[in-house]
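Let's take a walk through a protein chain together. Keep the picture open beside you as you read.

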Amino acid sequence: MHLPQKHSVTGTTIFTVMSALAQQYNAINLSQGFPDFPIDEDLAQLLFDAAMGNYNQYSPMPGHPMLRQAISANFKKRYHIDVDADTEITITPGATYGIYAAFTAILQEGDEVIVLEPAYDSYIPNIEMNRAKAVTVPLSAPGFNVDWNKVQNVIRPKTKAIIVNTPHNPTGATWVKEDWDALADIVRDTEIIILSDEVYEQLIFDGLKHYSVLEHPELRLRSFALFSFGKVFNNTGWKIGYCIAPAELTKAFRQVHQFMAFAVNTPAQYALAMHLNDEAVTPVHILMQQKRDYFLELMKQTPFTIHTAASGSYFQVASYERISDIPDMEFAQWLTKEYGVATIPVSAFYRNKQDDKIIRFCFAKKEETLRNAVERLSGLPVLENYK
């Protein structure tokens with residue numbers, strides 16, 4: 001049977017591969033980005049209350065009004081911006097879905113989309129499934145900053161969109177206001193649309209501020225902003241996200257959404273709305289920074305090199321330059337098999353598999369998990385000829 005190949009990526013994702021390898025070798029899984037600790041008890045109770053309270057039927061296509069209103073109020077409180085709950089917010093079954101729906105709403109055959117790499121692995125397949133072309137621009141390791149001249153150089157008449165991500169997966173890097181201003185300068189006087197993947201927007205550390213595309217008056221008018229409750233409340237299995245966009249783009253987004261998912265998990269929407277409105281909820285960045293700091297302190301016992309501490313997200317990248325000179329994919333597999341710790345090779349986030357000898361750890365784990373993992377890593381050898 002001949003079936004069409006909708007995108008250029010073959011086989012299963014690197015997350016599936018490494019998680020399966022971790023299971024096969026009984027390794028501690030620091031590869032895939034999900035917490036291994038319980039969610040907030042109050043949030044779990046709210047989900048139970050929703051189910052028992054008969055919040056079990058379809059929600060409206062844009063999302064439950066209670067949740068959309070809660071999101072609007074939350075953005076007013078945290079960002080001091082007004083977001084219209086009716087015309088600018090759409091609830092989605094996860095942010096990855098939202099990214100695909102946004103691309104589908106705007107792309108036509110032959111369009112081009114600029115992707116900054118390393119990039120989350122769904123971006124390029126999403127673009128190609130819509131018969132458009134991904135144009136990749138590398139970020140500058142080890143800090144993974146944007147070279148805006150490189151972005152400017154690939155702008156063409158066919159450029160339909162640019163997708164950006166801050167805080168960044170896989171590197172934990174974050175944008176500053178000047179990055180948004182530079183992006184605005186590049187797209188001004190064009191019709192280029194911005195997709196801003198901000199799923200880790202509340203996981204930002206060291207007193208830094210997350211700058212959202214929604215705070216930039218010029219860019220907001222041409223942007224989809226994608227968010228994830230799974231990352232904010234450590235409940236990735238709930239698969240609830242949302243898209244905020246101006247009314248015209250939201251209308252196009254919903255034209256796609258209504259024929260894919262239509263409605264999203266109603267009891268989870270109720271629980272999240274109630275939780276968002278709870279003033280007593282501890283900000284998630286406090287817990288996650290504690291985990292990052294704990295992990296970084298533990299990693300001093302190993303020969304890995306941390307060039308820059310992650311300023312956001314679930315992830316910390318590390319160089320193994322003192323340990324081995326083999327390709328990062330081989331190194332990640334070797335580490336899983338021989339030392340019982342699964343990670344992700346950063347080359348997997350590049351279309352051309354660029355190898356900077358860097359791997360990604362997920363630190364959104366229990367302290368016990370992190371401690372046990374680093375105990376295994378502390379026995380790694382150091383290259384004899386390393387200086």
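Predicted model: local features only at pLDDT ≥ 70, side-chain atom pairs only at ≥ 80, totals over all residues.

Now head out to the surface. Asp40, Glu41, Asp42 and Asp278 gather there in a patch of negative charge. Take Asp40 from that group: Asp40 sits in the loop between strand 1 (28-29) and helix 2 (41-52). Because its relative accessibility is 36%, Asp40 counts as partly exposed.

Next up, the backbone. Most residues other than glycine have a negative phi, and most peptide bonds are trans. So it's worth looking at a few spots that go the other way. The peptide bond from Ala141 to Pro142 is cis, with omega near 5 degrees. You'll find Pro142 in the loop between strand 4 (133-138) and helix 6 (148-153). Thr166 and Pro167 are also joined by a cis peptide bond, with omega about -15 degrees, and Pro167 is in the loop between strand 5 (159-165) and helix 7 (177-187).

Then there's phi. Lys239 isn't a glycine, yet its phi is positive, about 50 degrees. Lys239 lies in the loop between helix 9 (229-232) and strand 8 (241-244), and is partly exposed at 42% relative accessible area. Phe262 has a positive phi too, near 65 degrees. Its place is the loop between helix 10 (247-257) and helix 11 (266-276).

Conventions
Residues numbered from 1 in each chain as written. Heavy atoms only, no water. Patch = residues over 30% accessible without salt bridge, like charges linked within 9 Å, V, L, I, M, F, W, Y side chains within 5 Å. Areas by Shrake-Rupley, 256 points an atom, 1.4 Å probe, with all protein chains shown as cover. Salt bridge = Lys/Arg side-chain N within 4 Å of Asp/Glu carboxyl O. Lys, Arg positive; Asp, Glu negative; His and termini not counted. Charge placed at Lys NZ, Arg CZ, Asp CG, Glu CD. Helix = DSSP H or I, 4+ residues; strand = E, 2+ residues; numbered from the N terminus. Buried < 20%, exposed > 50% of the residue type's maximum accessible area, 1.4 Å probe, protein only.
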